[in-house]
Amino acid sequence: MTDARYFEDLYAQSDDPWHLAQRPYERRKYELTMASLPHQHYRRAFEPGCSIGLLTEMLSKRCDEVVATDPFAAPLADAASRLAPRNINVAQGRIPDDWPDGTFDLILLSELLYYLSADDRGFALDAVESSLDAGGHLMAVHWRHPFDEAECTGDDVHAEIAARESLEPVVRHEETDFLLEVFRRAQA
Ligand SMILES: C[S@@+](CC[C@H](N)C(=O)[O-])C[C@H]1O[C@@H](n2cnc3c(N)ncnc32)[C@H](O)[C@@H]1O
């Protein structure tokens, strides 16, 4: 797993280390993410690794409830100060250990899984399978190019998801820089 100090140092240096709020690239990717969700409305979504909550805010307009977590207090304070809607529940937590109770009809993994070790990615996908409603959607979006802090590439992550028998492919959007896929949890 990527060392926590890497993220702590990033967040100590900047409120928004990836410039998520400024980069047109990120804005377009968020809009594609939202446009690719097969349902207009979801009951309950889980978004681990929410950082400063930009995608969380967009999700909240399409969901009755959003549970959004990140291991680090700094981005969560920023997210909490901006996210006024009462249907967003922001909490500190690191996957796979801090997986929220209850079930979801949408789980969103955006630029996250390649920071986890192979074992932890496996545990996280086990948790996805056990907490996603039958017919519910997993949205996964990941940068495709290798980088030093990542445990694997985005393509590796998506191949691991696709190998899960209970997760059926629904949407695949492939670009040079990122891969966006939606999977549906098969009926039990
Ligand atoms: C590249 S940012 C992506 C933020 C957001 N998901 C997006 O797509 O805009 C990665 C985020 O994952 C968080 N993170 C890192 N390891 C994590 C883990 N094990 N569980 C949950 N979040 C984690 C980091 O703190 C950071 O906020």
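**Close-up views of a predicted model**

View 1. A backbone N or O atom of glycine 49 comes within 2.7 Å of a ligand nitrogen atom. The protein covers 98% of the 600 Å² of accessible area that the ligand has on its own (Shrake-Rupley method, 1.4 Å probe). Tyrosine 30 places a polar side-chain atom 2.5 Å from a ligand oxygen atom, and a polar backbone atom of isoleucine 95 is 2.9 Å from a ligand nitrogen atom. A polar contact is a pair of N or O atoms within 3.5 Å. The model is predicted: local features need pLDDT of at least 70, side-chain atom pairs count only at pLDDT 80 or more, and totals for chains, interfaces and linings use all residues. Residues are numbered from 1 along each chain as its sequence is written, and side-chain values use heavy atoms, without hydrogens and water.

**View 2. The cis peptide bond.** Isoleucine 95 and proline 96 are joined by a cis peptide bond with omega of about 10 degrees. Proline 96 belongs to the loop between strand E3 (88-92) and strand E4 (104-110) (strands are DSSP runs of E, at least two residues; helices are runs of H or I, at least four). Most peptide bonds are trans.

**View 3. Positive phi at two loop residues.** Most residues other than glycine have a negative phi. Histidine 19, in the loop between helix H1 (4-13) and helix H2 (24-35), has a positive phi of about 55 degrees. Serine 51 has a positive phi near 50 degrees and lies in the loop between strand E1 (42-48) and helix H3 (54-60).

Definitions and conventions: Polar contact = N/O pair within 3.5 Å; in protein donor to acceptor, adjacent residues only side chain to side chain.
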